[in-house]
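This report describes one protein chain, starting from a single residue and moving out to the whole fold. The sequence and structure are shown below.

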Amino acid sequence: MMIEKINNLIKHPFVQQFKDVRVIGFTVFGVLVLLVTWSGIGVIEANYQLQKQISALQQQNEVYELQNKNMKLGNEYFRTDEYLELQARRQFGKAAPGETLLLVPKKVALAHTVDLSSKNKPAPKAVQKPLYQRNFEAWIDFLFRRQATR
């Protein structure tokens with residue numbers, strides 16, 4: 001019984017075609033093409049990931065270069081006479097020749113200032129009507145020749 005099934009399977013036309021060398025060659029060729037394609041896709045994926053890393057590192061390098069340039073400019077500013085003069089005025093109470101230095105107590109100076117914290121608060125937003133309602137009211141105003149006062 002089992003032997004008959006095996007013999008029937010061997011005699012099947014699909015299996016019979018594998019006795020031809022050309023079919024075996026095409027099958028091996030097809031498998032090789034699939035393997036090469038799969039390998040190529042893996043290489044492309046790896047190159048893409050590496051390129052992403054390279055571009056991220058290049059951008060990070062540019063940021064660091066800009067930070068270095070900014071620090072160099074800051075260091076150059078700290079060497080200028082203007083900076084030294086401002087620091088001497090602030091820290092030591094020095095004045096330029098011909099200037100009179102007035103020392104005002106902090107309490108008196110703060111009494112005549114404006115509180116900036118209240119100016120920085122955002123103004124409350126006006127409640128806007130939905131767009132469809134404003135559009136409808138604009139059409140009503142237009143059709144009944146009303147002046148748009150809103």
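## V28 and its helix

V28 lies in helix α3, which runs over residues 21-78. The model is predicted. In it, V28 has a relative accessible area of 46% and is therefore partly exposed, since that class covers values between 20% and 50%.

## The nonpolar patch

V28 is one of the residues that form a nonpolar surface patch of about 820 Å².

The largest contribution comes from α3, with five residues.

## Secondary structure

The protein chain contains seven helices and zero strands. Its pattern along the sequence is α-α-α-α-α-α-α.

## Overall dimensions

The radius of gyration of the protein chain is 42 Å, whereas a compact globule of 150 residues would have one near 15 Å. The C-alpha trace spans about 120 × 70 × 30 Å along its principal axes.

## Burial, surface and charge

Of the 150 residues in the protein chain, 2% count as buried. The chain exposes about 15000 Å², and 64% of this area is supplied by carbon and sulfur atoms.

Charged side chains in the protein chain comprise 21 positive and 13 negative ones. The centres of these two sets are 10 Å apart.

How values were computed: Residues are numbered from 1 along each chain as its sequence is written. This is a predicted model: local features need pLDDT of at least 70, side-chain atom pairs count only at pLDDT 80 or more; totals for chains, interfaces and linings use all residues. Side-chain values use heavy atoms; hydrogens and water are left out. Patches are made of residues with over 30% relative accessible area and no salt bridge: like charges are joined within 9 Å, nonpolar side chains (Val, Leu, Ile, Met, Phe, Trp, Tyr) within 5 Å. Accessible areas come from the Shrake-Rupley method with a 1.4 Å probe; for residues, only the protein chains shown count as cover. A salt bridge is a side-chain nitrogen of Lys or Arg within 4 Å of a carboxyl oxygen of Asp or Glu. Helices (H or I, at least four residues) and strands (E, at least two) are DSSP runs, numbered from the N terminus. Buried means under 20% relative accessible area, exposed over 50%, partly exposed in between (1.4 Å probe, protein chains only). The radius of gyration is taken over C-alpha atoms; the globule rule is 2.2 Å times the number of residues to the power 0.38. Lys and Arg count as positive and Asp and Glu as negative; His and the chain ends are not counted. The place of a charge is taken as NZ of Lys, CZ of Arg, CG of Asp or CD of Glu.
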